[in-house]
Amino acid sequence: MVNKSVQARYLFCFNTIVKELEDKETNLKEAQDGINERVEQERQIHSAIDIEKDVEKWLADVVKEMADVQTLKAKIAEKKSCLNGWCPNWGCQYWMGRKASKETSKLSNLHDRGKFNTAARPKPLPSDKEMPIPRFVSSFETTESACNQIIEALKKDNIKMVGLHGVGGVGKTTLAKVVGNRLRQEKIFDEVGIATVSQDPNIKNVQSELVESLGRALDEVDEKKRADRLRLMFSESKGRKILIILDDVWKELDLETVGIPANCCKILLTTRLQQVCDRMGCDTRIKLDALDQAEGLNLLREHAGIDVADKALTDVSKRVADECKGLPLAIKAVGSALRGNTADQWNLALEKLQNAKLDKIEGIDKDSQDVYGCLKFSYDYLNGEDSRSCFLLCSLFPQDYKIDLEDLLGYAVGLVWYQAESIEKARSLLRGTIKGLKDSSLLLDTDDDRFVKMHDVVRDVALWIGSEEKKFFTSKVVIGLAERAVEEGLKQYRGISLVGNGREELPSGLECRSLHILRLENTEYDNKLQVPEHFFKEMPALKVVTIIGGVLSLKSLQFLTNLQVLQLIRCEVTDASFLGKLEGLQILYLKMSRIEIPDGLGVKLRILKLLYIDTCSISPITINEFVQLEEFYGLIKNWAVQGMSSEESSARHAELNPRPDGSVKLRILEVSECFHLRDTIDALLKHGFENLETLYIGDLGVQVVFQAEAIIAEGQENKLFPCLKRLYLTNLRELQVLYHEGPTHNFSLQNLTYLTVSSSPKLRRLFSSTLARNLLQLEKLEIYNCWELEQIIAEDEDEEHLQPVCFPNFREISIRYCPKLKHLFHISVAPSLQKLKNLYIGFNDELKEVFWHKDGADVTDTDYNEIVMNELWVLELRDLPNLTNFWPAGYQIPFPSVSSEDVHYCTDFRVVHNCPRLPENSEVDPFFADSLFPEF
C-alpha cells in the first residue's frame, strides 16, 4: 500500500511535484550535455572514436526518459488548459502527481548513474592486419620445424615466454612474424603486437611500436606514464589472448619498465644470444639453425631466377650457395645480385665471394663473417652510384629505425643524385632506387610504404663500408668528438651522424671541410643538444643538415653558403632572420620547432622548392614570394591581408609576383586549421594557386569546397584547377556539399585521380550527377566517418535522358563509417567499373545494396544484367547489418578474378551468386581499415 501522506501529496502538492520534475529534468539535461560535450571533444581530437558501452546505454536511457517526461508534461499542460486551473479532476491529478513523482525518481537515478571517468576513446587502429614479411619467403623443413616448435610451445598454458635464438641473418625476425600471423589467423591469439628492442633500447620507442602494432595510441610523453597507460590497456583487455613479439633483444629487458605486466600475455623474443633467453627467464628456448645445403641452393635459385634445367649453372650455383653458409639473408642478397648473369659471371662472382670475408670488422665472430662478406658482395653489384649512396646513407639512421623516404629525398636533392626537374620527379626516381635496394634484399619493407628499414646485420656492413671508403661515419658518443675527428681522419668523410642523449656536449667546432651531410640527433625529449654558435664554421661544404632535439641560433648556420637542405625537428630556435643567408636552400623542413618565418624571406630564398612548417602559420602572400616553391605543408593565415580590402591584397600579390600571368608554381598545398575561412577556393585562386596538383583541406569552417559560381565566368569552368590530381578533405565539420552548382555553371575536375573525404559529419551528398560525369580519370575514392552521408551521387529526377555516370578508371573504392548511406551506385555505373581491383565496404549500418535500381530490376535490359568485373581482386564487406543484396534482383555480377574475400557481420546478406569462393558470414573480430589521409 502507498503511504497515505504520499497519496495526499500527489493531490495537494501537485505543483511542487511538477516543479521538482522540471528541476530534475534540467539537471539531467545539463549532465547529458556535459557527456555529449566530452564525446565531441574526443571526436575533435580523434576523428574516429568508440563511445564507452555504459556511456552509450546511459545516453540512450536519458533520451528515452526525456521523451517520457515531455509526453507527461504535455498531458499535464493539456489538463490544466482544459479547466483553466478550476475544478480539478482529483482522480486525474492524483494519477499525474504519482506519475510525475515516479519520473522524478527515475531522472534522479539516471543523474546519479551519469558519472563516468571516460566517455569515449580513440577507435583502435587496425590490429588484425598481417605483419609485413620479406618478399619471396619460402618454407623449408628447417624453418618449418622451428615454427611448429614455437607454436606448440605457445599453445601450452604453463609456458609464458619463448626464446628464439640464432646467428644474425638466419631469419629470426621473419620467422617470428610468420608465427605471429599464423597464430592470429588460426585464432589461437586475438591480438599480436611487435616491437624491436635493439642493442641500445629506447624504451619510449619500444612502447610506441608495441602500442601501434596493437592498434592503439599513446598520448603521454613521460616514460613512466606511458608504461602506466600500457598496463591499463592490458588490464582492459582481460579475456583476450595477446602475444607480444620482442625482436632483436641483446640484453635483459625489464618488462615492467616498458609497461608489460606479468601474466597478461605471452611473449616470443628473438635474440642472437642464448644467454639472453636465460636471463629473461624463457620457459622454452628454440634455436633456429641455418638452412641445409639443399634448402640453401633452392632459395638461391629462387632469388636468382635460375631454371633447374639450366645445366650451365648447376655446379657454380651450388658452390655459391655453399659460400652463403645456409643464411637466408646472405643467400637472398647474393641471389638477387646475380639474377640474369651468365655462367662466366657466376664464376667470377664465386671468386669474389671467396675473397670477401670481412674479418676486419671489429667485434664480429666467425659465424658472422660469411654473411657480412656476402652482403659486401651484393653492395658491389649494385647498379649506379645513387643506389650505393642511398644504401650507405641508410646506415646513418639509428639501428632498427623506420627510415622516412622524405628524409632520403632530402639527401637525393642535396647531393644531386638525379637530374630531376622537380621535387616530385626526384621523389619518383628515389622510389625506383629504393625498390632496387629492396629487390636486392638490402632494405626491408615496413607496414607503411612511406618508410623502409635496414636489417641490423646489413647496417653493420653498410657502416663498415662507409668507414672503409671514408664516406660516412656514425657514432653514439659525442664526448671527445673533436679529438676523434683528428685521430680517425673524419676530415675526409662526406657524411657524419651523431646520436647523443642531451647530457653530452658538442665541441665548439669541428673541422670537416669535405663534409656534405651532418645528422645530429638527441634521443631524449627531456634534454636538448646544445649547438655552439661556431660549430659549423669549418664545414663550408655542408649541403644537408638535420638536427633533432637541439638548441641553436640560426646565426650559427650563416657560414653554410652551400646548404641546400635544412631539417630542424624538435628544436629550440632563435635568430630566424639568418635563414635569409641560406640562399641555396631547396628544402626547408621545420617540425615541432617553433619559428616565425620573417617577412621577405621568399625574396632571398629564390630557389626554395619545398617548405614544411607545422608550428606557425604563414600568409599566402609570403608563400607567393617563393617563386620556385613546388610543395608547401603548413598553416595558412591572412587570406586577405589585415587592414586591406581583397582588392588591395590582390594588388600587393601582383606586385610581388614576377610572373605576368599571376600564377604560382606551387604544386602541393595543405590548408588546415583556418577556422574562419568560409571560401577556400576563392582564396586559393585569388592568390594564384590554380596550378596545384595535390590539395589537402582540413579543419576549416567551409560549407562548400568549390563555390565556383562566385569566382569563374561562364564558359571558363574547365580552367578551374586544371592540374589537380589528388584532393583530400578531412575534419570539415560544416561541409554540406562538395560543389554548389549555379544555374548556368557546370564544373569539372577532369584530371582528378584520388579523392578522400573523411570526418565531415554534415555532408549529405558528395557529387552532383553533372560533376560525377566529368570524373573520368578518378582511380581511387575513399569516404569514411561521414555520419549524415546519404548519397555518393545525387539522384536527379530528370536525368533519365542523360548519359549514365561512368568511372572507367576506378581501381579502388573504400566506404566506411557512413551509417546513413543506403547504397553506393546506380546499376548503370557498374558496366564502367572494368578496372576496379579493390572494393572495401564496412560499418555502414543502413546500407541495403551496393548497386541499386530505383524501379527494381529490369532483366530485359541486356546492357546491365550480364556485367562481369574481371579485374576485381579484393572484396571486403564488414559490419553491414542491413545489407541484403550486392545488386538488384535479376542482375548478375560475377567476379571471376577475386582471390581475397571477406564477408563478416553481414547477417542478412545473400552470398554472391557466381562467386563460389566467397565465404559465408563468419564470426571474426571486426576490422578497422587504415586511414590513408595524411596527418595534418
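The model is predicted: local features need pLDDT of at least 70, side-chain atom pairs count only at pLDDT 80 or more, and totals for chains, interfaces and linings use all residues. Residues are numbered from 1 along each chain as its sequence is written, and side-chain values use heavy atoms, with hydrogens and water left out.

**Two parallel sheets**

Let's begin with the strands, which, like the helices, are DSSP runs numbered from the N terminus (helices are H or I with at least four residues, strands are E with at least two). Strands of a sheet pair through backbone hydrogen bonds, either parallel or antiparallel. Here, two strands pair if DSSP finds at least two bridges between them.

Leu246 stands opposite Leu269 in β6.

Another open sheet has three strands, ordered β14-β16-β18, again with parallel pairing. In this sheet β14 (529-530) and β18 (572-574) stand at the edges with a single partner strand each, so one side of each is left without a neighbour in the sheet. Two bridges pair β14 with β16 (residues 550-553) in the parallel sense, and Gln530 stands opposite Val551 in β16.

**Helices α11 and α13**

Two packed helices are described by the angle between their axes and the distance between the axes. For α11 (residues 293-304) and α13 (residues 328-337), the axes come within 7 Å and cross at roughly 35°. Axes are lines fitted to C-alpha atoms, for helices over the stretch in contact, and angles run from 0 to 180 degrees between N-to-C directions. The crossing is right-handed, a term for a near helix turned clockwise from the far one by less than a right angle.

Contact means heavy atoms within 4.5 Å. On the α11 side the contact residues are Gly296, Leu299, Leu300, His303 and Ala304, and they meet Pro328, Ile331, Lys332, Val334, Gly335 and Ser336 in α13.

Gly296 is worth a look in the viewer. With a relative accessible area of 4%, Gly296 is buried (under 20% relative accessible area; exposed is over 50%, partly exposed in between, with a 1.4 Å probe and protein chains only). Not counting residues up to four places away in sequence, Gly296 touches Leu291, Ala321 and Ile331. The C-alpha atoms of Gly296 and Ala330 are separated by 10.0 Å, although the two residues are 34 apart along the chain.

**Aromatic pairs**

The whole structure holds 17 aromatic pairs. Rings of Phe, Tyr and Trp (its six-membered ring) pair if their centres lie within 6.5 Å; planes under 30 degrees apart count as stacked, over 60 as edge-to-face and the rest as tilted. Two of the pairs are set out here.

| Pair | Centre to centre | Angle between planes | Class |
|---|---|---|---|
| Phe473 and Tyr493 | 6.1 Å | 80° | edge-to-face |
| Tyr612 and Tyr633 | 6.2 Å | 35° | tilted |

Phe473 lies in β11 (residues 472-475) and Tyr493 in the loop between α20 (481-487) and β12 (495-500), so their pair ties together parts that are 20 residues apart in sequence. Phe473 is buried at 9% relative accessibility, and Tyr493 is buried at 2%. Tyr633 is buried too, at 15%. Finally, Phe807, Phe810, Phe825, Phe851 and Phe886 form one aromatic cluster.
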